[in-house]
Each structure stands twice: as C-alpha cells, then as structure tokens.
Amino acid sequence: MKTNSKTIVLMMLVLSMASCDNEDTHMLTVINENGSCIREYSFQTTEKELMIPQEEDLDSLIDKHWERTWSVIGNDSLRHPVPITKAQIDSLQKEDPNSCLSDSLMMHVKKRFDAVQEMSDHLLMAEGFKASSTLEKSFKWFYTDYTFTETFVYDGPPIFPIPISRFLSADTASYWFTGHPDLTRNLSGQDKKEVLDKIETKVGQWLNANWFAEICKAIADNYDKVKKPPVSKESFVSQCDELAMHPDVLNDRDDNVDNFDNFKKVLDHHFHSDAYTTILNSDTLGSIQRYDPFLSFKTNYDLVMPGKVTDAGMGEYDGHVIHYRVSGERTIPDGYKYSIKATSRVTNIWAFIVTILVIALAIGSFALSPNRRKH
C-alpha cells in the first residue's frame, strides 16, 4: 500500500516525541482489592533530571511524593535509586563514549493512590489529554468481580475540522485506528489487503480534505494580507468546506509535502484569481502546525488486576499483565476519547470456609437434635 506522504507529514509534522524515542514510554497501573491503586510512569530522561534528589520535587507534576528510580534502556529490571552519582554517569559513558547518554536513560516514577479517579487526575506525559477512571466491585459471596475502566479524552485545541465520519463508517474508522472490531476476520491475505487498501484510500482522502481545510484556515487567518480578494472573508470560509471535498483535493497523491500545486489550482480555478495562493508561504502556513501535542501521546499501557482476569477488553493478557496501546490516534473514531476496560474475579476463600462451617453446624445440629436421638 502506497501512503500519501503529504498527508502523513500533515499528521506527524515534527513529532520528536512521537518518534522511536517515545516507544519506550510506559504506563503501569496496579489495582488492589481494597480499591487503592498504584501508577508508575517510565520515560526517557536526562542526567540532569536524575541528579535531583528524591527529597526535592522533580517538576510541577512529579513532586517528592512520587518514588523515583532509574534504569538503562534494555535493562528495565535493574532499577537504581535517585539521585544518579557522578561515578555512575562516568561508568555509563565509558561503556559507549560516542553515544548521547540521555538516549539510554529511563526514569520510573511511582505513586500509590487511595482511589482510581485520584490516580487519573495525575495524568502525565499527555498535553491536551485528561483521564477519568472508575472501579466497580460486584460482591457475589463466593467471589467478587472487579471492573476497571480508564478513559482518555483529548480536550486540547480543535483538530481535524472535517470529521472522519464523512468518509468512513464508525466501525471502519475504529478498525483502522484501534483494530476493533476486526472487520477482516476469516478473510484471506489477499482479501484483507483489498479491504485495507480501500480503507487507506478513504483515510488519505480524509487527511487531504483536512490538509486543504487547514490551508484555507491559514488564508482566512491572514485575510488582511490578501490583495484584492475576489470574495469576502465570510464567503471564502463558507466555500472552502465544499472545496475540501473536491476530487482534485481528495485524490491528490503528490509526495512532495511542500508542493501545494493541486490545492492551489483548485483555489485559483474556483475563485478565478490567484489572490489567495500567492500568500501561501512559511508565515501563513506556520499557523496550521498544531498536531504535535495530540499525536505525541503514545504510550504502552500495562494493567494488573486483582485475582484472575476474565475479560481484557481490547488488551492482550499474558497471564499476569494486560497490555494495551494508548495513543492520540486511537481517540479519533470515538469523538477524541479512548477507553481501556478490564474485568477480573477474586475468589473469596473466607466465604467457602464460612459456608462449610455453616453446613457442618447444620449437619451437627441435625444429628444431635432430640428427635434424632429418640430413633
């Protein structure tokens, strides 16, 4: 499948946080039977941050009440307390003198919370995102079911002015960005490719339409710089929505991200003027680059539930931990929100003991009853 690189760059832009460095970020959640929980974040850091003592706040979000340790990427199990020492820094640098030490250092910050919502209120590493959590307990005598849900919602600056629902059904969009529901189940490899190719074409058209809409917005934001505009600003804005669905816009396959020739032709031809396209430069286009905070939210989310997991939702359960992938893109199909949900069951051993004792007492009372002895 050949992807339009212009639309990919539109989404990715200069996402340094969303690059390979960000793949090492982790979020671990541990749910306890009493309703308390533990949240641990792991992310790349610098020697300077690791030299801050535990007794001092790391920053405005991670204060001294978060337990902090560090490790080297690839050896996560070997944790060291902060602060890192000069001798440790020198030793690590000596192992690979030509490398940037910050590329291999990980910080782990952990804190216990009395309730899951309190934990979600302290969401880190997600500019523009908020989280909310619930933990439901269902007591059923011999066992107790626990259902944990955490929902991530993007509430930053508006993005993607043209909704994907104009191009894909809700299920298809969800499948493309999250993998669920699985629309290609039981299909052959060739059939799957055909389905994915069709979806990719529609996604590319959606991204092209948004790219065009962003260019129009950039022109509207700089309308005072347009010389002899053929229509009023209000008329220009209202017509751009229709133009964003123009076939020459939707099907643009130009791989040069700096080349807007096809989009310019659409504008010039429709308005019979080049007044708008002549102002398209780095100054006017600079205002459209606001996707970074949204798309930089990518993290591996691990969840540990009490007891035995009975439903991992959209996660993968390895027998001990449920693994999820949470990202900005996954919020797109559902109105910029994405939820992880899991259910587990804890066996109430004491309930079995009480039940056995009650049965034993009942049998004993029956055996020792006066009417029983007369016989």
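Student: How many salt bridges does a search of the whole structure find?
Tutor: Twelve. A salt bridge here is a side-chain nitrogen of Lys or Arg within 4 Å of a carboxyl oxygen of Asp or Glu. Before we go on, this is a predicted model, where local features need pLDDT of at least 70 and side-chain atom pairs count only at pLDDT 80 or more, while totals for chains, interfaces and linings use all residues. Residues are numbered from 1 along each chain as its sequence is written, and side-chain values use heavy atoms, with hydrogens and water left out.

Student: OK, which residue forms a salt bridge with Glu 150?
Tutor: Arg 39 does, with the closest N and O atoms 2.7 Å apart. Glu 150 sits in strand β7 and Arg 39 in strand β2 (residues 37-44), so this pair ties together parts that are 111 residues apart in sequence. Helices (H or I, at least four residues) and strands (E, at least two) are DSSP runs, numbered from the N terminus.

Student: Are Glu 150 and Arg 39 buried or exposed?
Tutor: Both Glu 150 and Arg 39 are buried. Buried means under 20% relative accessible area, exposed means over 50%, and partly exposed is in between (1.4 Å probe, protein chains only).

Student: And what does Glu 40 pair with?
Tutor: Glu 40 forms a salt bridge with Arg 79, and their closest N and O atoms are 3.2 Å apart. Glu 40 belongs to strand β2 and Arg 79 to strand β4, so that pair ties together parts 39 residues apart in sequence. Glu 40 is buried at 10% relative accessibility, whereas Arg 79 is partly exposed at 30%.

Student: Let's switch to helices. How many helices and strands does the protein chain have?
Tutor: It has 13 helices and twelve strands.

Student: At what angle do α5 and α6 cross?
Tutor: Roughly 95°, and the axes of α5 (residues 170-178) and α6 (residues 189-221) come within 11 Å. That makes α5 roughly perpendicular to α6. The axes are lines fitted to C-alpha atoms, for helices over the stretch in contact, and angles run from 0 to 180 degrees between N-to-C directions. Angles under 35 degrees count as roughly parallel, over 145 as roughly antiparallel, 65 to 115 as roughly perpendicular and the rest as oblique.

Student: Which residues meet there?
Tutor: From α5 there are Thr 172, Tyr 175, Trp 176 and Phe 177, and they meet Leu 196, Ile 199, Glu 200, Val 203 and Trp 206 in α6. Contact means heavy atoms within 4.5 Å.

Student: What about α6 and α7, how do they pack?
Tutor: α6 and helix α7 (residues 233-243) pack at an angle of about 175°, with axes 10 Å apart. That makes α6 roughly antiparallel to α7. Residues making the contact include Phe 212 and Cys 216 of α6, plus Phe 236 and Val 237 of α7.

Student: Back to the stretch between α5 and α6. Which proline is found in that loop?
Tutor: Pro 181. A cis peptide bond joins His 180 and Pro 181, with omega about -10°. Pro 181 counts as partly exposed, at 35% relative accessibility.

Student: What does Pro 181 touch?
Tutor: Not counting residues up to four places away in sequence, Pro 181 touches Asp 171, Ser 174 and Tyr 175. Pro 181 and Asp 171 are ten residues apart in sequence, and 6.6 Å apart C-alpha to C-alpha.

Student: Where's the cis bond involving Val 82?
Tutor: That cis peptide bond joins Val 82 and Pro 83, with omega about 5°. Pro 83 lies in the loop between β4 (75-81) and α3 (86-95).

Student: New topic: which residues form the nonpolar patch on the surface?
Tutor: Phe 139, Trp 141, Phe 142, Trp 350, Phe 352, Val 354, Ile 356 and Val 358, with about 760 Å² of accessible area together. Patches are made of residues with over 30% relative accessible area and no salt bridge; like charges are joined within 9 Å, and nonpolar side chains (Val, Leu, Ile, Met, Phe, Trp, Tyr) within 5 Å. Accessible areas come from the Shrake-Rupley method with a 1.4 Å probe, and for residues only the protein chains shown count as cover.

Student: Which helix gives the largest share of the nonpolar patch?
Tutor: Helix α12 (residues 349-367), with five residues. Trp 141, by contrast, lies in the loop between β6 (129-139) and β7 (143-154).
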